[in-house]
Each structure stands twice: as structure tokens, then as C-alpha cells.
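Student: I would like a close look at a single part of this model. Please take me through the salt bridges and their setting.

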Amino acid sequence: MEMSQIALNQGLTFLVWATGIVLIVVAGFLVKLLIDISKLANSLNETSNIVNTELKPTLNELNQTLSSINEIVKNTDKGVLDFKTAVGKFFDRTKIVSGTLLGGLFKGFSTAYNLFKK
């Protein structure tokens, strides 16, 4: 029984040492992982600060550009509407004049026909 007791003690001792070594290695990798995550978080923070400071002026310029384009579109729309109104008035007046001329021309031909008919 003493022999099995010694073998059991040696097996348990080996198991404790192996477990300790594995725990030390895992703890080392865990510490390295935490350090890398901390560096990554700092890099992300710096990147977000840089992007934030560079993005604000760009967004302001974009806003001004869009405002300018909006004004150009409004002015163009107003000009097109004015042109459309002017063309509409021109065609209305042309229609009135051509109707009057056509009516007068028809009346003149009928009068001339009536004179030659007699």
C-alpha cells in the first residue's frame, strides 16, 4: 500500500506543478491581451479625436456648399418660372393677334367674294 501511496503522491505533485505552469502561462497571455487591448483603446481614442477635429471643418464647408447650390437652384427655378410666364403671355397675345388677323382676313375675302359675285 505504501507503493501506491508514493505513486499517488507523485502523480498529484506532477498534476499540481503542471496546473501551476499552465495557470502561469495563461495568466501571462491574459496580461499581454489586456495590455494590447489597452493600447488599441488608446489608438482608437486618438483616431476618433483626429477624425472629429478634421471632420467638423469639412462638414461646415459641405453645409456652405449645399446652401450655395440650394440658392442657385432656387434662382434657376425662379428664372424658369419667369420665362415660362413670359412665353405663356407671348403665345396668348400671339393667339389673340392671329385670331384677329385671321378673322379680318376671312371677312375681307368674304367681302371681296361678295363684290365679285354681284
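Tutor: Lys32 and Asp36 sit four residues apart in helix α1, so about one helical turn separates them. Their side chains meet in a salt bridge, at 3.2 Å from N to O. That distance passes because the cut-off for a salt bridge is within 4 Å, from a side-chain nitrogen of Lys or Arg to a carboxyl oxygen of Asp or Glu. Keep in mind that this is a predicted model.

Now look at how open this pair is. Lys32 has 48% relative accessibility, so Lys32 counts as partly exposed. Asp36 has 35% and therefore also counts as partly exposed. The reason lies in the cut-offs: buried means under 20%, exposed means over 50%, and partly exposed is in between.

How many salt bridges does the structure hold? It holds two. Lys78 and Asp82 form a salt bridge as well, with their closest N and O atoms 3.5 Å apart. Here again the spacing is four residues in helix α1, so the two are separated by about one helical turn. Lys78 has a relative accessible area of 54%, so Lys78 is exposed. Asp82, at 43%, is partly exposed.

Next, the helix itself. The protein chain has one helix and zero strands. Helix α1 covers residues 2–117. Of the chain's 118 residues, 0% count as buried. The accessible surface of the chain comes to about 11,100 Å². Carbon and sulfur atoms hold 71% of that area.

Finally, turn to the nonpolar side chains. Which residues form a nonpolar patch on the surface? They are Val51, Leu55, Leu59, Leu62, Leu66, Ile69 and Val73. Together they have about 620 Å² of accessible area. Take Leu55 as one of them. Leu55 lies in helix α1. Its relative accessibility is 41%, so Leu55 counts as partly exposed. That value also clears the patch cut-off, because patch residues need over 30% relative accessible area.

Terms used. Residues are numbered from 1 along each chain as its sequence is written. This is a predicted model: local features need pLDDT of at least 70, side-chain atom pairs count only at pLDDT 80 or more; totals for chains, interfaces and linings use all residues. Side-chain values use heavy atoms; hydrogens and water are left out. Patches are made of residues with over 30% relative accessible area and no salt bridge: like charges are joined within 9 Å, nonpolar side chains (Val, Leu, Ile, Met, Phe, Trp, Tyr) within 5 Å. Accessible areas come from the Shrake-Rupley method with a 1.4 Å probe; for residues, only the protein chains shown count as cover. Buried means under 20% relative accessible area, exposed over 50%, partly exposed in between (1.4 Å probe, protein chains only).
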